[in-house]
Amino acid sequence: MAEVWIMGEMIVEIMRDREDVPLDQPGYFRGPYPSGAPAIFIDTVARLGHSAGIIGGVGKDDFGKCLLTRLQGDGVDVRQVLQSETCATGAAFVTYFSNGDRKFIFHMGNTPAADAKAPEATVLDGVKYFHIMGCSLAAKKEFGEEILKTMHLAVEKGGKVSFDPNIRKELLNDSSSMEMVKDVVANTSVFLPGVEELLMITGRDSVEEAVEYAFAEYPKLEILALKRGSKGCRVYTKERVLDMGIYRVESVDATGAGDSFDGAFISGLLEEKSLDEIVKMAAAAGALNTAAFGPMEGKINPDTIREMIEANE
């Protein structure tokens with residue numbers, strides 16, 4: 001049985017082969033690349049040597065095959081992934097601009113992942129972490145409710161919840177989405193927000209107030225890792241605060257860096273490493289992700305993580 005589970009969308013990305021080519025003009029693309037924040041996260045966990053599983057859905061088509069082949073090859077348990085005969089695998093068309101901006105066109109339709117249901121309780125036997133992505137939670141109300149059911153099953157099984165609320169501002173302003181987010185945060189042990197997400201979820205005006213509120217309001221909360229983009233991250237526990245910068249690499253594609261950060265962070269916790277070691281692992285995974293073209297194409301494994309940390313000591 002898997003130590004780490006996630007439930008969410010699985011898509012492929014089809015990407016412009018160079019910068020500054022708008023999506024409304026003819027041009028070349030590269031791909032498909034396996035993607036989706038949940039898939040990137042769980043693939044990172046598996047590549048770092050931990051048993052990992054995903055609950056979701058793909059179409060019974062070549063894009064679905066692209067995803068399943070990659071995840072299975074990296075050691076992810078995909079037995080809880082639906083293969084739809086009637087719905088196509090979701091796809092995102094992506095272009096990049098030299099100023100750092102990106103633009104996406106999503107072809108999701110009735111994405112097969114949204115039809116996935118909470119698994120039988122026995123599937124979660126032995127679970128240690130159930131990770132939730134805010135984008136999955138808000139994709140479709142019915143799917144979000146199934147994620148919440150799975151979360152509560154995982155908690156009943158003795159698992160902990162980790163949560164990255166990578167969710168658009170307008171969705172956080174939606175009352176039903178926000179109610180789901182509140183349920184998740186109340187059960188979260190490891191919280192991995194960005195600054196804007198933290199302020200919106202806590203309703204506070206400053207990071208310091210938000211962190212104090214989070215630890216006071218949510219008794220299950222053990223670690224809050226605040227992602228600060230190019231400034232790195234600041235990790236809070238009830239006892240200490242730890243700052244971590246970023247590892248400098250030649251950035252090729254930043255898509256998925258935060259998801260790989262999350263995967264390495266949870267992997268470090270599973271390995272019972274010190275907080276300092278965990279944050280270095282997560283920063284290294286994020287950097288390795290950005291150094292390759294494609295959302296989960298970074299050369300992430302225990303050896304490359306160790307080499308990057310040692311090279312920056």
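Reply: Buried here means under 20% relative accessible area, exposed over 50%, and partly exposed in between, with a 1.4 Å probe and protein chains only. This is a predicted model, in which local features need pLDDT of at least 70 and side-chain atom pairs count only at pLDDT 80 or more, while totals for chains, interfaces and linings use all residues. Residues are numbered from 1 along each chain as its sequence is written, and side-chain values use heavy atoms, with hydrogens and water left out.

The part is α11, residues 302–311; helices are DSSP runs of H or I with at least four residues, numbered from the N terminus. Within α11, Thr304, Ile305, Met308 and Ile309 are buried. They sit on the same side of α11 because they cover an arc of only 135 degrees around the axis, taken from the directions from the helix axis to the C-beta atoms. Among what covers these buried residues is α10. The face turned away from the buried side carries Glu310 and Ala311, which are exposed.

Asn301 and Pro302 are among the residues touched by Arg47, where contact means heavy atoms within 4.5 Å. Arg47 belongs to helix α1 (residues 37–47) and is buried, because its relative accessible area is 16%. Its side chain reaches the backbone oxygen of Gly298 at 2.6 Å.

Technical notes: Helix = DSSP H or I, 4+ residues; strand = E, 2+ residues; numbered from the N terminus. Polar contact = N/O pair within 3.5 Å; in protein donor to acceptor, adjacent residues only side chain to side chain. Lists of a residue's contacts leave out its neighbours within four places in sequence.
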